[in-house]
Amino acid sequence: MEQRRLILIIALGFVLILLWQAWLGDNRSETDGQRSSTTSDQVADDRPTGDGPDASEERPDGATVPEGSGDTPAGASDDSLVAVETDVLSLAIDPAGGTLVRADLLEYPVELDQPDQPVRLLEDSQGFTYIAQSGLLGRNDAPAPDHHARFDVEEASYRLADGESVLEVPLVWEEDGVRVTKTYLFKRGSYAVDVRYTVENTTEAEWRGQQYRQLTRSGSTPGMQLMYTYTGGVYAGTPTGGGDRLNYEKIEFDEMGEVRLDKNLQDGWAGIIQHYFMSAWVPADPEQVNQYYTLKSDRDGFPVYSLGLLSPTTTVGPGSTETLESILYVGPKIQSNLESLATGMHLAVDFGILTFISEPIFWLLDLFHDWVDNWGWAIVLVTLVIKLIFLWPSAVSYRSMARMRAVTPKMQALKERFSDDKQRLSQEMMKLYQKEKINPLGGCLPILIQIPVFIALYWVLVESVELRQAPWILWIDDLTQRDPYFILPLLMGLSMWAQQRLNPAPVDPMQKKIFQWLPVVFTVFFAFFPAGLVLYWFVNNLLSIIQQTIITRRVERQMAARKGSS
């Protein structure tokens, strides 16, 4: 019994170590994921180095393969960029290609003490690139603007005025009788941007071409840790002829440089995700089959990686006009936004292998938050619900532990009597357990139950941007960061010590010393965990103490009454 319980505590400690390293790695990966340039990836490989698809070689179904096009210079100076601002986004568009080269998320400050410095998701600077590119590929040498073509723009800046719900930013390109208007359409309160190519063919021949969209980013090296939030490419869609089964895949930057992605998918999307935020291209027509591809190229001497999708060929007759549409999402991974935008896009919020636990937890959190308008109190209410769900198994465990505590003197006497005969000691212990109706493993149940819930809640806090910089009360101004004054971890440690007093003391002196130090060790670990996670464990301990105290007193009275009657 003692050995099993010690092994369980060690296992829980190991889980805490993993989560602690993950949390530290998490904080590193968010910064590194936004600013790192992977100089170690500058070794040349055999991949094509083009920075966009090329129409010179056809793929099946009219798609094309990427071809090498050499080094691409870094972005233009700020003076030549078109500034765009909505109520939630501040952006910069480069007239060269109409590329979105900067995106600031106005409602998401980098730090709470820097409210005027928003998170910059897209950026094009010396040594780091993260941009959203798109363009058209003309078939049979038809004129078409790719992401290097120069567009004309009427204004140097655009702003969504008060009272307006939509802001349009048109960019115009014209060559050999073909006029293309690339329009960005921004909506109030939305991170989803409509991107439209209106092709006007004034020639006497039909125009044939394809639309491509890609996200291009420098690689990242978040550092070595056992767990961290994923930064890299993702894509999803239904294979043609594959039924309704959705494929959701991750593709890391290194993999983009080594393996050529070549898939035909419909009802899909392609994006780059990082901690809390993401960008993604979504076809406007979910029934349209798109070619998904990857590229590795150089930009100003640094390697960059592209994940994109290429549409089927569109034909525009002489004197006709056609519009090709896509949706570009640039913003936080708000689950309700993602679910409504594209099939499977909510999977970008990655809760890991315990998603089946994390998703109900987040659903409950969101439900309670709508009620109490505070994520901290929502965590308290979720903890109460979880405790109610496991009320019966916890009660079984606490009854077993109460009986164990009551017979501790008898166990100690057996240990002293058979100290030289381990086999006989085990036999006598089992007889005592049977006589007193004690389950030797009963005390392990509460910890076993808490471990998966604890890990699932950890990933909810790590992955849910809804909780980012969310306050609770008083000094807790961000539930996803550690308690700045370590008050919650200390309270948690005290609650763990109080609960330990209700448990039977280990008979073995060495184990007794180990268990005495456990509250201290756990307090140190929890000092670096998110305050929301510590809050859950602290409230759970308080509820457990109340339940265990009631059950222990009841069992002790029953055992005393049975002893008096015998």
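Let's start with helix α4 and the residues it hides: Ile 357, Ser 358, Ile 361, Phe 362, Leu 364, Leu 365, Phe 368 and His 369 are its buried residues. They cover an arc of only 165° around the axis, so they sit on the same side of α4. Keep in mind throughout that this is a predicted model.

Why would a spacing like that put residues on one side? An α-helix has 3.6 residues a turn, so residues three or four places apart point the same way.

Now turn to the other side of α4. There you find Phe 356, Trp 363, Asp 370 and Trp 371, and these are exposed. As for its dimensions, α4 covers residues 355-372, which makes 18 residues. From first C-alpha to last it reaches 25 Å, close to the 26 Å expected at 1.5 Å a residue.

Which residues are buried in α10? They are Leu 488, Pro 489, Met 492, Gly 493, Ser 495, Met 496, Gln 499 and Leu 502. Here too the arc is only 165° around the axis, which puts these residues on the same side of α10. Leu 490, Leu 494 and Arg 501 are exposed on the other side of α10.

Let's move on to charges. How many salt bridges does a search of the whole structure find? It finds 9. I'll walk you through some of them.

Take Arg 159 and Glu 85, please. Their side chains meet in a salt bridge, at 3.3 Å from N to O. Arg 159 lies in strand β8, residues 157-159, and Glu 85 in strand β3, residues 82-85, so this pair ties together parts that are 74 residues apart in sequence. Is Arg 159 buried or exposed? Arg 159 counts as exposed, because its relative accessibility is 57%. Glu 85, at 27%, counts as partly exposed.

Next, have a look at Asp 194 and Lys 187. They form a salt bridge whose closest N and O atoms are 3.5 Å apart. Asp 194 is buried, with a relative accessible area of 11%, whereas Lys 187 is partly exposed at 36%.

Then comes Arg 196 with Glu 325: their side chains meet in a salt bridge at 3.6 Å, N to O. Arg 196 belongs to strand β11, residues 192-201, and Glu 325 to strand β20, residues 321-332, so the pair ties together parts that are 129 residues apart in sequence. Arg 196 counts as partly exposed at 28% relative accessibility, and Glu 325 is partly exposed as well, at 38%.

The structure holds 12 aromatic pairs. One of them is Tyr 235 with Tyr 292, a tilted pair, 6.1 Å centre to centre with 40° between the planes. This pair links distant parts of the chain: Tyr 235 is in strand β13, residues 232-239, and Tyr 292 is in strand β17, residues 290-299, 57 residues apart. Tyr 235 is buried at 4% relative accessible area, and Tyr 292 counts as buried at 0%.

Another pair is Tyr 276 with Phe 277, and this one is edge-to-face, with 6.3 Å between centres and 75° between the planes. Tyr 276 is buried, with a relative accessible area of 3%, and Phe 277 counts as buried at 0%. Bring in Tyr 108, and Tyr 108, Tyr 276 and Phe 277 form one aromatic cluster.

Which residues make the nonpolar surface patch of about 460 Å²? Trp 517, Val 520, Val 521, Val 524 and Phe 528 do. You'll find Phe 528 in the loop between α11 (509-526) and α12 (531-565). Phe 528 is partly exposed, with a relative accessible area of 32%. Patch residues need over 30%, so at 32% Phe 528 clears that cut-off.

That's my tour, and I'm happy to take questions!

Technical notes:
Residues numbered from 1 in each chain as written. Predicted model: local features only at pLDDT ≥ 70, side-chain atom pairs only at ≥ 80, totals over all residues. Heavy atoms only, no water. Patch = residues over 30% accessible without salt bridge, like charges linked within 9 Å, V, L, I, M, F, W, Y side chains within 5 Å. Areas by Shrake-Rupley, 256 points an atom, 1.4 Å probe, with all protein chains shown as cover. Salt bridge = Lys/Arg side-chain N within 4 Å of Asp/Glu carboxyl O. Helix = DSSP H or I, 4+ residues; strand = E, 2+ residues; numbered from the N terminus. Buried < 20%, exposed > 50% of the residue type's maximum accessible area, 1.4 Å probe, protein only. Expected span 1.5 Å × (residues − 1). Arc of directions from axis to C-beta. Phe/Tyr/Trp six-rings, centres within 6.5 Å; stacked < 30°, edge-to-face > 60°.
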